[in-house]
Amino acid sequence: MADLPPLALSVRQPWAWAILCAGKDIENRSLGSIRAGGMVPGRIALHAAADMTRDEYHWALWRMGQDGITVPSADTLVRRAIIGSVEVVEIVTHSSSRWFGGAAGLRLRDPQPCDPIPAPGALGYFEWSPGGSAAPALPWMSRDGGPGLFADLPAAFKDPPKRPFRSNKP
């Protein structure tokens with residue numbers, strides 16, 4: 001814990017996992033949230049947010065599947081915990097990264113995972129401290145892609161899932 005930065009940013013799963021394990025090099029935010037959250041370049045701890053809805057998970061599963069990325073099952077994704085650190089290199093409003101999808105974003109590099117440290121999250125950059133426990137899996141998570149006979153097959157969708165959040169992209 002001593003080598004983790006004191007400031008953290010909370011990111012919803014499975015996007016926090018993608019930062020550490022799938023090469024996600026942009027964390028999309030609005031310019032307003034970047035300013036309000038005091039987000040500036042530098043190394044930060046990465047906090048996996050407590051919340052993750054079924055719709056968010058399905059959309060991320062589909063979206064990352066388009067790039068050949070296999071997302072872990074929902075019930076295995078740690079939530080409500082510090083899961084690593086990453087360096088914020090700069091704030092961008094344009095990027096050729098496949099991960100850029102908004103009005104602005106934090107360009108990331110050098111993700112370093114760590115053993116999960118349960119901690120509450122907050123909006124923007126926040127001073128984190130350990131406490132409580134990681135969020136338990138919700139009932140839908142174990143029914144929806146938990147370990148099973150076909151767990152190693154890629155997700156298949158007849159139609160793309162509905163995007164569960166508003167995009168700033170035109």
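Tutor: The questions below concern a predicted model.

Student: How many helices and strands does the protein have?

Tutor: Read along the sequence, the pattern is β-α-β-α-β-α-β-β-β-α. The secondary structure therefore comes to DSSP runs of two kinds. The count is four helices and six strands.

Student: What share of the residues counts as buried?

Tutor: Buried here means under 20% relative accessible area. The protein has 170 residues. The share of them that counts as buried is 42%.

Student: What share of the contacts with a separation of 6 or more joins residues 24 or more positions apart?

Tutor: A contact requires heavy atoms within 4.5 Å. Among contacts in the protein with a separation of 6 or more, residues 24 or more positions apart account for 82%.

Student: What is the volume of the largest cavity?

Tutor: Rolling a probe the size of a water molecule over the atoms shows where empty space is left. A search of the whole structure finds one cavity of 30 Å³ or more. Its volume is about 30 Å³.

Student: Which strands each supply at least two residues of the lining of the largest cavity?

Tutor: The lining consists of Leu9, Val11, Ile19, Glu27, Ile44, Leu46, Val86 and Leu108. The strands that each supply at least two of the lining residues are strand 1 (7-11) and strand 3 (42-48).

Student: Which lining residue of the largest cavity is charged?

Tutor: The lining divides into seven nonpolar residues, no polar ones and one charged. Glu counts as charged.

Key
Residues are numbered from 1 along each chain as its sequence is written. This is a predicted model: local features need pLDDT of at least 70, side-chain atom pairs count only at pLDDT 80 or more; totals for chains, interfaces and linings use all residues. Side-chain values use heavy atoms; hydrogens and water are left out. On a 1 Å grid over the protein atoms alone, a cavity is a set of points where a 1.4 Å probe fits but cannot get out, and a pocket is an open set with protein on both sides within 12 Å along at least five of seven lines; lining residues have an atom within 4 Å of a point. Grid points are joined across faces, edges and corners, and a volume is the space filled by probe spheres set on the points. Buried means under 20% relative accessible area, exposed over 50%, partly exposed in between (1.4 Å probe, protein chains only).
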